[in-house]
Amino acid sequence: MAPLSEIQIRELKNLVANAGITFRENSDLSVHCSFKIGGISPFIAEPETREQILETLSIFRKLELPWKILGGGTNLLISDHPNDFVILKLSGGFKEYKDIGGGLFEVGAATNTTPVFRQISQKGYTGAEFLSTIPGWTGGAVIQNAGCYGGELFDLIEEVEFLRNGEILKRKPSEVEHGYRSTEFLKKKDSIILSIRIRLKEGNLEEIEASLKEKRDKRNSSQPENKKSAGSMFKNPKIFDETGKEIKAWQFIDRVGLRGTKIGGAQISPEHCNFIVNTGGAKASEVNQLVSLVQEKVEKETGVILEREVEYFGSIP
Ligand SMILES: Cc1cc2nc3c(=O)[nH]c(=O)nc-3n(C[C@H](O)[C@H](O)[C@H](O)COP(=O)(O)OP(=O)(O)OC[C@H]3O[C@@H](n4cnc5c(N)ncnc54)[C@H](O)[C@@H]3O)c2cc1C
């Protein structure tokens, strides 16, 4: 698609400013994601309320602008030239959570999962400890049905609040199609997650602290520390050996000898080969070349098709 014109952006800026909605122009998207890769976005709108989201979308529609929603940017590979769409990033009240009582919490879509689920756990409630090790925002975690260590977000959800076709809807998890690292929201891309209600059980604080520590330690020992990445690049293909043990995506990548392989600034992590890391100045196109190399070699040599978990944000050659 063609880059947006200066005239389009000027018109957009006027309408968004007149509506009292916060925005940023010419933002370096590499600072909005954990891979630290991405070019300059012409415009990011940051609505703070449900009304402001509706107003922002109506402006985008009026000007016929393609748009995408960005959360914590921890599951994305952002284009080197993200100039053919505008961005919506939730702010304000969406960054908060409420303790409703009795183990019920309402969590805004723009809350940071790691600190929020640690705080909630430390109030003496158990079940959400695993979420304190997953980076990103709650809305992104809903879309993806984020999970680890045997737990996934949809196990805890009582209700999801989202915007679809101009309507604010609330659904129980049984009314939302979801599975391993997937939901109907991810497939259809037709909704904006606003908040979730989760219910947790009361627990013993000492045991909760021990569980938080155990999960943190497990993560620190199994993942490349302080590296620029978007986490696991491929979904585990759900293949089991003759003893019934799962063979993970990283084992296939290791098996075909790609551990540590580098293209430009992008590298298959020598420590955890389902991670691709930005060793400095990597381009999205270089990460994409590594992704294609892994998929082709693994399929050719083992017959297994590895599906990407990390999403591409904008076009990447
Ligand atoms: C070091 C590391 C470890 C990780 N470990 C795990 C793990 O153990 N388990 C796991 O599941 N994931 C893991 N991830 C991936 C990532 O943290 C999760 O998928 C996270 O939940 C993504 O949230 P986000 O806010 O960063 O989403 P983003 O990356 O910003 O966006 C992801 C998708 O969600 C959409 N989106 C974001 N917010 C909204 C919203 N409010 N409404 C509608 N759509 C929205 C975006 O448009 C995009 O399509 C890891 C990532 C890193 C970097």
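Helices (H or I, at least four residues) and strands (E, at least two) are DSSP runs, numbered from the N terminus. The model shown is predicted: local features need pLDDT of at least 70, side-chain atom pairs count only at pLDDT 80 or more, and totals for chains, interfaces and linings use all residues. Residues are numbered from 1 along each chain as its sequence is written.

**View 1. The annotated active site.** UniProt, in an unreviewed entry, places the feature "active site" at Arg181, Ser232 and Glu309; such annotations may be inferred rather than shown by experiment, and the positions follow the numbering used here, with feature names shortened. The three residues span 129 residues in sequence, yet no two of their C-alpha atoms are more than 11.4 Å apart, so they gather at one spot.

**View 2. Glu309 and Ser232.** Glu309 is found in the loop between α8 (284-302) and β23 (311-313), whereas Ser232 is found in strand β17. A residue is buried if 20 or more other C-beta atoms, placed from the backbone, lie within 10 Å of its own, exposed if 12 or fewer, and partly exposed in between. Ser232, with 21 other C-beta atoms within 10 Å, is buried; Glu309, with 18 such neighbours inside 10 Å, counts as partly exposed. Contact here means that the C-beta atoms of two residues, placed from the backbone, lie within 7 Å. Leaving out residues up to four places away in sequence, Glu309 touches Arg181, Ser232, Met233, Phe234 and Lys235. On the same terms, Ser232 touches Ala249, Asn274, Phe275 and Glu309.

**View 3. The largest nonpolar core.** A nonpolar core is a set of buried Ala, Val, Leu, Ile, Met, Phe, Trp, Tyr and Cys residues joined through C-beta atoms within 7 Å. The largest has 33 residues, and among those with the most contacts inside it are Ala109, Ala128 and Val142. Strand β15 gives the most to this core, with 5 residues. Beyond its neighbours within four places in sequence, Ala128 is in contact with Phe117, Ile120, Ser121, Leu156, Ile198 and Leu200. Another core, of 31 residues, lies apart from the largest one and includes Phe275 and Phe313.
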